[in-house]
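Please open the model in your viewer and keep the sequence panel beside it. The tour below moves from one selection to the next and says what is there at each stop.

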Amino acid sequence: MRPLWRLAIAALLTAGAGAGPSGCGGAAIAPAPPPLRPKARPAPPRPVARQRTDCDPIAPTDGPSPLTYDERSVEEAENLASQGSDLLQQSAQSEGQEGEQQLEQSVHRFITALLADPYNVNATYNLAAAYARIGRGQCAINLLARLVPMRRLPSLASRVEEKLDRLLGRKDYKGRLDPDFFDLRDDPRFRDLVKNF
């Protein structure tokens, strides 16, 4: 004789086998519950550190739109450009972080001067020199290219020629090239521009 508990299990097994997919008593089998953990979301992409880029090339005819004399702040621009020139010279003699700060301040003064007067030759040339020193060659070349149309203006021609003489070591500079542009001397873009001078 079989134990009672074995008979109960056998009865359940035969009843379940005959019921098929509907389960016990004809009720439908419920689907499996969803997993307890939600699917992992992909991690958001890490922000890429913005790299310092150089300027886009421009044609010598590109540049700021012409301003009338009354719209320009000529005296203010000249003062800012003069302050920037002093800081640029000091930065060449200073070392480390102090020199970098002076160079950064000079760039700020030159940009502000050009906002006040886009025709300021001193600020244009010296900003090009500052950019050349920090390795932003295309920015320096763009600014030097702005001197080409300024050269045609009678009121600016002599000042532009003086800066170009300094750049190329002509006349009073007796072959001494501007040291701020030494790193650009072998750049083909710089060589092509200098042909226009």
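The expected span of a helix is taken as 1.5 Å times one less than its number of residues. With that in hand, and bearing in mind that this is a predicted model, select helix H3, residues 96–116: H3 has 21 residues and reaches 31 Å from its first C-alpha to its last, which is close to the 30 Å expected at 1.5 Å a residue.

Stay on H3 and show its side chains. The buried residues of this helix are Gly 99, Gln 102, Leu 103, Ser 106, Val 107, Phe 110, Ala 113, Leu 114 and Ala 116.

Now display the whole chain. It contains 7 helices and 0 strands, so that, by the DSSP runs used to assign elements, the order from the N terminus on reads α-α-α-α-α-α-α. Of the 197 residues, 33% count as buried, and the accessible surface comes to about 13900 Å², with 56% of that area belonging to carbon and sulfur atoms. Among contacts between residues at least 6 apart in sequence, 61% join residues at least 24 apart.

Which residues touch the most other members of the largest nonpolar core? Select Leu 144, Leu 147, Leu 167 and Phe 181, which hold that place among the 38 residues of the core. The elements giving two or more residues to this core are H2 (74–93), H3 (96–116), H4 (121–133), H5 (137–151), H6 (157–168) and H7 (188–194). In soluble globular proteins, nonpolar side chains tend to be buried together.

Centre the view on Leu 167. Leaving out residues up to four places away in sequence, Leu 167 touches Tyr 125, Leu 144, Leu 177, Asp 178, Phe 181, Arg 185, Phe 190 and Phe 197.

For the last stop, select Arg 189, which is found in helix H7. Is Arg 189 buried, exposed or partly exposed? Its relative accessible area is 38%, and Arg 189 is therefore partly exposed, since that class lies between the 20% limit for buried and the 50% limit for exposed. The side chain of Arg 189 is joined to that of Asp 187 by a polar contact of 2.6 Å.

How values were computed. Residues are numbered from 1 along each chain as its sequence is written. This is a predicted model: local features need pLDDT of at least 70, side-chain atom pairs count only at pLDDT 80 or more; totals for chains, interfaces and linings use all residues. Side-chain values use heavy atoms; hydrogens and water are left out. A nonpolar core is a set of buried Ala, Val, Leu, Ile, Met, Phe, Trp, Tyr and Cys residues joined through side-chain atoms within 4.5 Å. Buried means under 20% relative accessible area, exposed over 50%, partly exposed in between (1.4 Å probe, protein chains only). Helices (H or I, at least four residues) and strands (E, at least two) are DSSP runs, numbered from the N terminus. Contact means heavy atoms within 4.5 Å. A polar contact is a pair of N or O atoms within 3.5 Å; within protein, one must be able to donate a hydrogen and the other to accept it, and residues adjacent in sequence count only if both atoms are side-chain atoms. Accessible areas come from the Shrake-Rupley method with a 1.4 Å probe; for residues, only the protein chains shown count as cover.
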